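Open your viewer and have the selection tool ready. We will walk through a few side chains together, one stop at a time.

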Amino acid sequence: MEAHTQILTVLVLYLFFLIGLGVYQGRKAKSGKDFAIAGRRLPGWVAALSERATGESAWALLGLPGLAYAAGLSAIWVAIGCVAGIIVAWAVFAGRLRREAERYDARTFIDYIAKRHEEAGKWIRILGSLTIAFFFFFYVGAQFIGGGKTLNVLFGIDPKMGMLITAMIILPYTVLGGLQSVAYTDTVQAIVMILTLTIAPIVGVIYIATHPGLFATSVTEALKLAGPKYSTILGGLTGSAALIFVIAELSWFFGYLGGMPQLSIRFMAIKDEKNAKLARNVGIGWTILAYIGALMIGWIGLAIFGPNGLADRENVMPSVMLKLFPPAIAAVFITGAIAAMLSTADSLLILSATELSENFLKPFVYGDEVDERRSLWMSRLTTITLALLALVTAYLVPTKLIYTIVGYTWAGIGDTFSVIVILTLFWKKFHAKAVPPTIVAGLLFTIFWVSTGFEAKVSARLMTFIVTFIVAVISTYVLKPKK
């Protein structure tokens, strides 16, 4: 059986398994609370693996190995920034956010912030939920586009048909069970991902050492032969250019500090303190192994193919898998990369739908009183509507514009809400009236910084965090709370 056919067979079987698991778990969702936050009863290991699959997705299997292949040793800086942020998130923020969600009976990320800062709760719900729904709506569209492109490259399927297939795969279980379904399907993705990122590097090191006809017989030799750009920790840069490069790569750190709602909601959904500690250990351990493995796959690809051997750097992982393993085994790992995109799409779709329905639509339609059954059905209806709109948007809106809007997300959403979460948890003077201007300032500054081209000089991920922090502190002192 040809590798192409085997990959297709494994992909179909794997996706059917995911859909079945998601539907099975989704039947347990009986209320809006189950849909939005899995009833706050996720086991620690499920919450951790779901958070990691959502946080990394295709980045760990395609993006980071591709960066390591194209940039060599200097790719380590972005890995350090991400890993440091993830470790701090699990060690410092996860347990606190879980306790806060329990204390305030919060159903969503914005619901917690609004209840925590009740005096400005109405404006926080409006600004927060609409902002997150808007940006992540385009993020979902981008995942549909990515799924369509991947299916086109692997199987020759028309990209638009590929987008439709991607949407049809995630919708049944996502609409049925919300986070209750998505968390368990994400867990499967995370297991496949970590198997790929731990087994492949070990096999790869042995492979390049025992095949002398390749570009190099070791990772060290490959980096050296490829030239100074690949073999130096700064990619051949010196002086201010090197400093700007390192700061930009390390700045990924700031977005992980409680500010990415699709990750923080997993912290909030853990069922108790014992499971929170287990989740912390699993999340940190998974991250360290995964990032080492992703870098190694990229560098092993450099040893196999050489610096000019691949037209698209993000094809390095599937190309390495097909070199190292029989087609049937390679197919499992490659399928895991494709399915990892789905873990981002379904998580972002759920987040957008629940933030919009819980914080904006339900108060507007039902007021303060709404029964759980009606809440569940409104969440489902909102999810279907957003998915269809995101799919239509992916068809009609230029791809470049969609990815431009998505590009604002890490700084505009991640850094802005990281500042709010940090000050909420650790600074007693920070109060409700300071939150709305902080949200607005973070988003407007990100748009200004990126659109004017300053992003090329200093990363928006760093500047948005600094500016938003300053605005939050000034607002805290200038605006006086009622109580």
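**Stop one: a surface patch**

Start by selecting I466, which is found in helix α22 (residues 460-478); helices here are DSSP runs (H or I, at least four residues), numbered from the N terminus. This is a predicted model, where local features need pLDDT of at least 70, side-chain atom pairs count only at pLDDT 80 or more, and totals for chains, interfaces and linings use all residues. Residues are numbered from 1 along each chain as its sequence is written, and side-chain values use heavy atoms, leaving out hydrogens and water.

I466 counts as partly exposed because its relative accessibility is 37% (buried is under 20%, exposed over 50%, partly exposed in between, with a 1.4 Å probe and protein chains only).

**Stop two: aromatic rings**

Now select F253 and F254. They form an edge-to-face aromatic pair, 5.5 Å centre to centre with 80° between the planes (centres within 6.5 Å; planes under 30 degrees apart are stacked, over 60 edge-to-face, the rest tilted; for Trp the six-membered ring is used, beside the rings of Phe and Tyr). F254 is buried at 19%, while F253, at 22%, is partly exposed.

Next, pick F445 and F448, a tilted pair at 6.2 Å and 50°. They sit about one helical turn apart because 3 residues separate them in helix α21 (residues 435-451). F445 is buried at 13%, and F448 is partly exposed at 41%.

Finally, select F134, F135, F137 and F138, which form one aromatic cluster.

Note on methods
Helix = DSSP H or I, 4+ residues; strand = E, 2+ residues; numbered from the N terminus.
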